[in-house]
2 protein chains.
Amino acid sequence: MISNTPPTPYYAVIFTSIKSPEAGEDYSDMAREMDALVTEQSGYLGHESARDSLGITVSYWVSLEAIAAWKNETRHLLAQDLGREKWYQTYKIRICKVEKEYGF
Amino acid sequence: MISNTPPTPYYAVIFTSIKSPEAGEDYSDMAREMDALVTEQSGYLGHESARDSLGITVSYWVSLEAIAAWKNETRHLLAQDLGREKWYQTYKIRICKVEKEYGF
């Protein structure tokens, strides 16, 4: 689903990743857990995901403080550690301020 | 591929879309054409795409002016018109300033 975000400005985290061949069922379980957990965070506005050879997840937030709090959430810290250690060949995270939005 | 973007700040366009069932070979041809054409634009820094039920394309730019010029490129204007008319059920475009980047 496309997130129904509020009027700008707000913040976005663009998470782009390439999975490792070792990312198996443990990865899928954690991905599902994070997909649910993120929606419960303070300041969360929505998130969008797609994956083919590349994975892109964009999450939307009210503030940089909300992004920092999510980064430091206990289960999310474990997910990040496992991601670096075994699930991702490479990834990049970009923190953005959304200045303008349009669509139909 | 994950884009090798320069030190922040720079700009990102997050394009999230849901394709219409009518998006056939004409859509695929135009998507391929835009995928090549965008890389030739002034101020272009890279782009990343993934699609499953949702499509997400993020393109990176040196400035808002470069983004505006790409929006007004002749073939791209045609692609946008056709996108609205027949290829997309819905889409959203978000213009962002990338303030921080990390990864491995």
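In the predicted model, 41 residues of chain A are in contact with 41 residues of chain B. The size of an interface is often given as the accessible area lost when the parts come together. Here the area buried between chain A and chain B is about 3,600 Å², and carbon and sulfur atoms give 61% of this area. Three residues, A:I2, A:Y102 and A:F104, supply 22% of the area that chain A buries against chain B, more than any other three residues.

Between chain A and chain B, 25 residue pairs are in polar contact, with both residues at pLDDT 80 or more. On the side of chain A that touches chain B, two or more residues come from each of β1 (10-19), β2 (44-51), β3 (55-61), α2 (64-71) and β4 (88-103) of chain A. Of the elements on this side, β4(A) gives the most, with 16 residues. By residue type, the side of chain A that touches chain B divides into 21 nonpolar, nine polar and eleven charged residues.

β4(A) pairs with strand β4 (residues 88-103) of chain B in the antiparallel sense, over eleven bridges. Within this pairing, A:I93 has B:Y102 in β4(B) as its bridge partner.

Over all chains, the whole structure holds 14 salt bridges, and the count between chain A and chain B is six. One of the salt bridges between the chains joins the side chains of A:R94 and B:E48 (3.1 Å, N to O). Another links A:E101 to B:R94, with the closest N and O atoms 3.5 Å apart. This pair crosses from strand β4 of chain A, which holds A:E101, to strand β4 of chain B, which holds B:R94. A:E101 counts as partly exposed because its relative accessibility is 25%, whereas B:R94 is buried because its relative accessible area is 0%. Salt bridges that share partners join A:E48, A:E101, B:K92 and B:R94 into one network.

Salt bridges are also found inside helices of chain A. In helix α1 (residues 25-37), A:D29 and A:R32 lie three residues apart, about one turn of the helix, and their side chains meet in a salt bridge (2.8 Å, N to O). A:D29 is partly exposed, at a relative accessible area of 40%, while A:R32 is exposed, at 55%. In helix α3 (residues 74-87), A:D81 and A:R84 are likewise three residues apart, about one turn of the helix. The closest N and O atoms of the salt bridge between A:D81 and A:R84 are 2.7 Å apart. A:D81 is partly exposed, at 36% relative accessibility, and A:R84 is partly exposed, at 38%.

Terms used. Residues numbered from 1 in each chain as written. Chains lettered and ligands numbered in written order. Predicted model: local features only at pLDDT ≥ 70, side-chain atom pairs only at ≥ 80, totals over all residues. Heavy atoms only, no water. Contact = heavy atoms within 4.5 Å. Buried area = accessible area lost by both parts, 1.4 Å probe. Salt bridge = Lys/Arg side-chain N within 4 Å of Asp/Glu carboxyl O. Polar contact = N/O pair within 3.5 Å; in protein donor to acceptor, adjacent residues only side chain to side chain. Helix = DSSP H or I, 4+ residues; strand = E, 2+ residues; numbered from the N terminus. Nonpolar A, V, L, I, M, F, W, Y, C, P; charged D, E, K, R; others polar. Pairing = 2+ DSSP bridges. Buried < 20%, exposed > 50% of the residue type's maximum accessible area, 1.4 Å probe, protein only.
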